Amino acid sequence: MEEDRFKCSATSIVKTLPDAQLYLIGGTSGSGKTVFAKAVAYQRGALVIGLDNYFMNEEKARHFLSSTFGCVPQWDHPSSVDIEYAVQNIIELFQKFYAKLPVYSFVENKRVGYRFCERVGNQPLVLEGIHSLLLHSRI
């Protein structure tokens, strides 16, 4: 029920957004980024790219010492995301209209493959993730 209310609110907000070729949606974990990104995609015919697929493999991620769990990856730190590869993919989607996007497994805590992604015509892109706003000055 709560998610349905949020979807309705997200749809109302999307209607007020200016037209753009790239929407960056950031926020904390559980803040509704994905729901909002889907609303933008639905209303604007946009292609959604989840920045979660750009996480580094666990052994390359920054770690911190937890008194409960020992040495654990710090997924909320910007260095845990391959921002350069995300920028490269966004540029490819705008220039070539296709890109090879990573697929990340949270079960294995590593990149498990890639998927082909195609952008059609002037289709807008939505990049959503906790670190997506870091791309603002790079694209």
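**Close-up 1. Lys100 and the ring of Tyr114.** In this predicted model, the charged end of Lys100 sits over the ring of Tyr114, 4.6 Å from the ring centre. A charge is taken to sit over a ring if NZ of Lys or CZ of Arg is within 6 Å of the ring centre and within 35 degrees of the ring normal. Tyr114 also belongs to one aromatic cluster with Tyr54 and Tyr85. Rings of Phe, Tyr and Trp (its six-membered ring) pair if their centres lie within 6.5 Å; planes under 30 degrees apart count as stacked, over 60 as edge-to-face and the rest as tilted.

**Close-up 2. The aromatic pair of Tyr98 and Phe116.** The whole structure holds 6 aromatic pairs. Tyr98 and Phe116 form a stacked pair, with 5.9 Å from centre to centre and 25° between the planes. Because Tyr98 lies in strand E5 (residues 98-105) and Phe116 in strand E6 (residues 110-118), the pair ties together parts that are 18 residues apart in sequence. Helices (H or I, at least four residues) and strands (E, at least two) are DSSP runs, numbered from the N terminus. Tyr98 is partly exposed at 41% relative accessibility, whereas Phe116 is exposed at 56%. Buried means under 20% relative accessible area, exposed over 50%, and partly exposed in between (1.4 Å probe, protein chains only).

Close-up 3. E1 and strand E7 (residues 125-128) pair over 4 bridges, and Ile25 stands opposite Glu128 in E7. Axes are lines fitted to C-alpha atoms, for helices over the stretch in contact (heavy atoms within 4.5 Å), and angles run from 0 to 180 degrees between N-to-C directions.

**Close-up 4. Leu134 in the segment after E7.** Leu134 is partly exposed, with a relative accessible area of 38%. Leu134 touches Pro78 and Ile83, not counting residues up to four places away in sequence.

**Conventions.** Residues are numbered from 1 along each chain as its sequence is written, and side-chain values use heavy atoms, with hydrogens and water left out. Local features of this predicted model need pLDDT of at least 70, side-chain atom pairs count only at pLDDT 80 or more, and totals for chains, interfaces and linings use all residues.

Technical notes
Two strands pair if DSSP finds at least two bridges between them.
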